[in-house]
Amino acid sequence: MNADIFLEEMNNFKYILITSICFLLLGCGKNETTYVEKQNFNNNWTFKLLKDAQVDSTYFQNKLHDDNWEKVQLPHTPKIEPVIVNDQWQGICWYRKNFNLSNNLLGKKLFLKFEGAMNIAEVWVNGQKLIEHHGGYLPFIVNFTDVANFDKENIVAVRLNNRDNPVTGPKPLEILDFNTYGGIYRNVWLIAKDPLHITDPVGANKRASGGVFVTYPEVSEKAANIQVKTHVKNAYGNAVSFIVKNTLLKGNNVILTELSNEQNLETDKDTEVVVEMQVENPELWSPSTPNLYSLKTEIIQDGILIDQEITRIGIKTMKFVGQYFYLNGKKTFLRGVNRHQEYPYVGYAISDNANYRDAKKIKEAGFDYVRLSHYPHAPSFMDACDELGLIAIDAILGWQYFSEDSTFQKHVFQTARDLIRRDRNHASVIAWEVSLNESWMPEAFIDSLTTIAHQEYPGSQCFTAGWQSYGYDIYLQARQHRLQHYDANLKKPYNVSEYGDWEYYAMNAGLNQDSWSGLLQQDRSSRQLRSVGENALLQQATNLQEAHNDNLNTPAFADGYWVMYDYNRGYADDLEASGIMDIFRLPKPSYYFYQSQRDADDPFGKPMVYIANNWQKNSPLDVRIFSNCEEVELFLNGKSLGRKKPDQNRISSNLNHPPFTFKTDRFIEGKLEAKGYIGDKIVSSHSVQTPETPSKIKIVIDADYEHLQNEANDVFFVHAHVTDNNGTVIPNYSGKIMFKVDGDAELIGENPTNASAGIASILVKTNVNIKDIKITASAEEFLTPETNSVTSDSAFQRIIMDSSALIPKLFLTHHNNSNGFCLVKGDSSKRQVALTFDDGPTDLSLKIIELLNKHDAKGTFFWLGKNLKQNKNIIKEAKKHGHLIANHSWDHENGWELPAEYIWKNQVLKSIEAFELNGAGKPKYYRPPFGAITQKQIDYLATKGITSVLWSITTMDWDTTQNTEQELFQKFKNQLHNGAIVLLHDFDFGNSDGKLIALEKMLAYGKSHGFNFVSVEEVI
């Protein structure tokens, strides 16, 4: 970011701040909001699984005693299944929850939003049946306003039936190639809205409407036109007037704000308010640069915030030229993979964090595209795709099932509408797979589906994708089901949607099969468990390399390997094992082949080298190495076996980075080490060592919490690696491992469990009250057990975060160029945080000081010189308890364009004199208003012995839309890092009680993670 751009942003920032304050003043006496955020509704449910003969006709009644029902938290699965699900539960189950409503929700519209419940859901609230919803993968909304109790407890009851259903499809489970698990397996939310409110896009059920709908009529690197359509409903008994305010933010920085004209809406009517926002020099979204903005949409009535929705968006533009795909004007090929969403044991009932981890593993494997097979995946997975730069094809449910029944077809049409309404604002979506996968559909049916998609998402940025070539914008050609996978006469955009599995499993379309005569069927297949040995796993890697290389001979703009993770099938008594990771998310050699296809200098890449060999007596003597380096040198026990360039052969001709093959004469026990070169520089290395006797257990916790929310009901894998004394995993070890967990968590899965290829895995589920969790793995043999720990936020345990990514670039430039006279962050090796407060002293300052003292925390108060004389008692109180008092200028004048000497004389020096005169001492630190300061000013103040202080975290509590207790705490929590300098205010912008509650939460949260709260003087 250059200085001119930053200056412009700061001037915009000042303007927005001033207009926000004026706006509040217009609402004189009404500066509180009536907006209530949605609340997570996952905890404290009861559950009952019915047997076939049980009668359940009374389970919805309030008077029912459910004390003997199982106590559960959501997401939840009705039955813990074995790893191989050969008799999946299907039937009827019930969920109930008792809850109270606070009086501040009186007069609100009350909703329950279910993200996913399988498959036919009936919902009662306080004995009244309010909805019956068909389909288990898309959300539905329950309006319970008219039956809500405020003087006594409320009870919600949910009946679920996940038996085979001819209306929802797909075909019966006993012949289905994947499982449709039961339960309320995604989040449930309690939502309270003002009678004048922004609707839910699915609940509104209006074409191309409902909620907030963001489109991009024109996009370039220089400018973007963003159209925001907001659907507003008036459920008051009288007409109302209001405006809609849209604010675009990048991180915490306000980019621009647009206000609609005043709107007038009659009672029980709805309207769409459309505004255009022009963004200069937008940061475009792509797989390599997944830039995201936040769009805050607010309804303002008489100066009061009535309702608000935050929509995360990515600005991009897509088009096809012939068969080629252009993203943001650049020709782009998408290397991808297919994904099923199941976990072992719990089926679909996985946490938001687990969905993020799945997406992150896909990105780390070298993919930029994922096909969501063969149904809508969780909203949290879509969010992760947005964040990580994974382009997605979003699908309705379908697999080898079509019915002429009009009820079935009507249901499919509605799922297409609801899918697009749910996901239309996700930057990651490239196309809508409004197609019944592998199901032959009549052309009229296809016409209806494609018409629906373009109705729901009008304009040039809507693309449909389908299994049949007729009708769809994109042809999803699964090569594995056709002898000739590419039709040269087909001129529409073409995606090899599935490849690498079936053609090598069923042998009906594989490549060069005449050369496979000596291989048995199981050796030819791409379906290989991680435990089958090196030869079979390398055959899988060869198969997918061959097929991927051949895909690149066609004009396909994308391909998607089948599949990312091993998964269960409804009709088979084994796992479908074509995944490049197993069902426990452990990699096979094929994973590293794909990882090597990402360039070393890609924003999501790095130089890598991987030896696909265990180097034991029965290992292949042809050592295969996957790498994205220019050359690789291989060493055996320190002796070079040569330095090679990548392979050149029939199955490598189109690859970005073909493998390297080293032919060795014989096996010699010891260590193989590969070193990767770019130019003449070694940039990566990897080694393997001949396994010796198993002797130890190493625990690896797959709980990557960095950038994730603190999720109470999380699930994550724990792996016990059986190793020798050198730390080498024993690849043929299959003994039993016993897991134990201490803390507020439970183990899910077989326990003890057999190791597979030297690694045993189990699932850990955290409970509501997260405390530190200790996990132990042991064996009955002679192995040394190990204990490891994970907390509710393991990032603090495993990584010392640097603050640089969270700080405006110009702030960092000032910091780096100031010789220590501009502070934006402290020493990252110390677990310290500096809380700073601006604009006082005021009466609120005393309450803040009291709270800091209570938690044994020190703060830094940057006070205005003009406020000191009348507040000497507050100065005395701050000094008494050891808090630091510093300079926030004289009168808050913004000094961007002022001479440095003027700033010194009229703001800094003038206030210093007031500090000394009123008993505060001589301050050595200066906080410029708005962070608006130039390098020249910093340098000049340094000559006077004054250090300028900026911030690395700002909670923006001056913005009344963001100074709620939860907003302030969440911003602090999300950005907390070692050495943080945090900006709060001791001036009351309209929510002092919420600010104090948030501050206490910050103090408790920071202390629980080992941080000390110190003054600016101590943090540096």
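**Figure 1. Helix H15 and the glycine after it.** Gly919, which follows H15, has a positive phi, near 85°. The model shown here and in the other views is predicted. H15 covers residues 900–917, which is 18 residues. At 1.5 Å a residue the helix should span 26 Å, and its end C-alpha atoms are 24 Å apart, so the two values agree. H15 also has a kink of about 30°, and the kink is centred on Leu909. Its buried residues are Ala900, Ile903, Trp904, Gln907, Val908, Ser911, Ile912, Ala914 and Phe915. In an α-helix there are 3.6 residues a turn, so residues three or four places apart point the same way.

**Figure 2. The loop between strands S10 and S11, with Asn165 and Pro170.** Asn165 is placed in the loop between strand S10 (154–161) and strand S11 (183–184). Its relative accessible area is 17%, so Asn165 is buried, the limit being under 20%. Leaving out residues up to four places away in sequence, Asn165 touches Asn119, Ile120 and Pro170. Pro170 lies in the loop between S10 and S11. The peptide bond that leads from Gly169 to Pro170 is cis, and its omega is near -10°.

**Figure 3. A cis peptide bond at Pro75.** Leu74 and Pro75 are joined by a cis peptide bond with an omega of about -5°. Pro75 is in the loop between S3 and strand S4 (92–99).

**Figure 4. Gln54 and its contacts.** Gln54 is in the loop between strand S2 (45–49) and strand S3 (70–72). With a relative accessible area of 29%, Gln54 is partly exposed. Apart from neighbours within four places in sequence, Gln54 is in contact with Lys48, Leu49 and Tyr59. Gln54 and Ile92 are 38 residues apart in sequence, and their C-alpha atoms are 9.7 Å apart in space.

**Figure 5. The aromatic pair Phe213 and Tyr457.** The whole structure holds 42 aromatic pairs. In one of them, the ring centres of Phe213 and Tyr457 are 5.3 Å apart and the planes are at 75°, so this pair is edge-to-face. The pair links distant parts of the chain, 244 residues apart. Phe213 belongs to strand S14 (residues 212–219), while Tyr457 is in the loop between helix H6 (443–456) and strand S29 (465–466). Phe213 is buried, with a relative accessible area of 3%. Tyr457 also counts as buried, at 8% relative accessibility.

**Figure 6. The aromatic pair Tyr592 and Tyr610.** The ring centres of Tyr592 and Tyr610 are 3.7 Å apart and the planes are at 10°, so the pair is stacked. Tyr592 is in helix H10 (residues 589–596) and Tyr610 is in strand S35 (residues 609–611), 18 residues apart. Tyr592 counts as buried, at 17% relative accessibility.

**Figure 7. An aromatic cluster and two lysines over rings.** One aromatic cluster is formed by Tyr137, Phe178, Tyr181, Tyr185, Tyr348, Tyr375 and Trp399. The charged end of Lys97 sits over the ring of Phe41, at 3.8 Å from the ring centre. Lys675 lies over the face of Phe635, and here the distance to the ring centre is 4.9 Å.

Figure 8. Gln400 is not a glycine, and its phi is positive, near 50°. Gln400 is in the loop between strand S27 (391–395) and helix H5 (406–423). At 31% relative accessibility, Gln400 counts as partly exposed. Met956 is not a glycine either, and it has a positive phi of about 55°. Met956 is in the loop between strand S56 (953–954) and helix H17 (965–975). Its relative accessibility is 1%, so Met956 counts as buried.

Figure 9. A disulfide is a covalent bond between the sulfur atoms of two cysteines. With the cut-off for sulfur atoms set at within 2.5 Å, the count of disulfides is zero. Cys629 counts as buried, at 3% relative accessibility. Cys822 is buried too, with a relative accessible area of 1%.

Technical notes: Residues are numbered from 1 along each chain as its sequence is written. This is a predicted model: local features need pLDDT of at least 70, side-chain atom pairs count only at pLDDT 80 or more; totals for chains, interfaces and linings use all residues. Side-chain values use heavy atoms; hydrogens and water are left out. Buried means under 20% relative accessible area, exposed over 50%, partly exposed in between (1.4 Å probe, protein chains only). Helices (H or I, at least four residues) and strands (E, at least two) are DSSP runs, numbered from the N terminus. The expected span of a helix is 1.5 Å times one less than its number of residues. The bend at a residue is the angle between axes fitted to the seven residues ending there and the seven starting there. Contact means heavy atoms within 4.5 Å. Rings of Phe, Tyr and Trp (its six-membered ring) pair if their centres lie within 6.5 Å; planes under 30 degrees apart count as stacked, over 60 as edge-to-face and the rest as tilted. A charge sits over a ring if NZ of Lys or CZ of Arg is within 6 Å of the ring centre and within 35 degrees of the ring normal.
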